[in-house]
Amino acid sequence: HNQDVSTYLDSQGIAIRAGHHCAMPLMEYLNINGCLRVSLAPYNTLEEIELLVQAIKRLLTSDSNQEPTASVEEQASEVLEIIKRFKKRLKLGQKAP
C-alpha cells in the first residue's frame, strides 16, 4: 500500500508524497487507491538520490509474506532508471561553469 511504503521511506529519512495527489478521478480510472511521488530537484545531492535508490531496493527485497508482482518490479525498475538518468543530469550540471 502506498502509505506503507511512504512510512517505511520516512523511517529511512526520505520524504515522499503518498495518496491521490488531487487526482482522484485518475486514480479511479487506473483502478488504484493511490500512488507515490518522489520530487527530485537540482538541490538534491547524489548521496540523497542514492539513499532513495537503496531504500527502494531494500523494500523490494525485504522478507515479506507476499512476493512482489511483476508489475511492481517493472515499475520499480522504471523508477530506478528515471533516477539514474536524473543523476546523470545532476553530474552534468555540476560540471557546468
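A: Among the contacts in the protein chain with a separation of 6 or more, 54% are accounted for by residues 24 or more positions apart, a contact being heavy atoms within 4.5 Å. The model is a predicted one, in which local features need pLDDT of at least 70 and side-chain atom pairs count only at pLDDT 80 or more, while totals for chains, interfaces and linings use all residues. Residues are numbered from 1 along each chain as its sequence is written, and side-chain values use heavy atoms, with hydrogens and water left out.

The protein chain has four helices and two strands, arranged along the sequence as α-β-α-β-α-α; these elements are DSSP runs numbered from the N terminus, helices being H or I with at least four residues and strands E with at least two. Of the 97 residues in the protein chain, 24% are buried, where buried means under 20% relative accessible area, exposed over 50% and partly exposed in between, with a 1.4 Å probe and protein chains only.

The largest nonpolar core has 13 residues, and those touching the most other members are Leu9, Ile14, Ile49, Leu52, Val53, Ile83 and Leu90. Helix H3 (46–61) and helix H4 (70–95) each contribute at least two residues to this core, with H3 giving the most, six residues. Such a core is a set of buried Ala, Val, Leu, Ile, Met, Phe, Trp, Tyr and Cys residues joined through side-chain atoms within 4.5 Å. In soluble globular proteins, nonpolar side chains tend to be buried together.

Leaving aside neighbours within four places in sequence, Ser6 is in contact with Ile16, Ala18 and Leu36.

Cys22 counts as exposed because its relative accessibility is 87%, whereas Cys35, with a relative accessible area of 25%, is partly exposed. With a disulfide defined as a pair of cysteine sulfur atoms within 2.5 Å, the count comes to zero disulfides.
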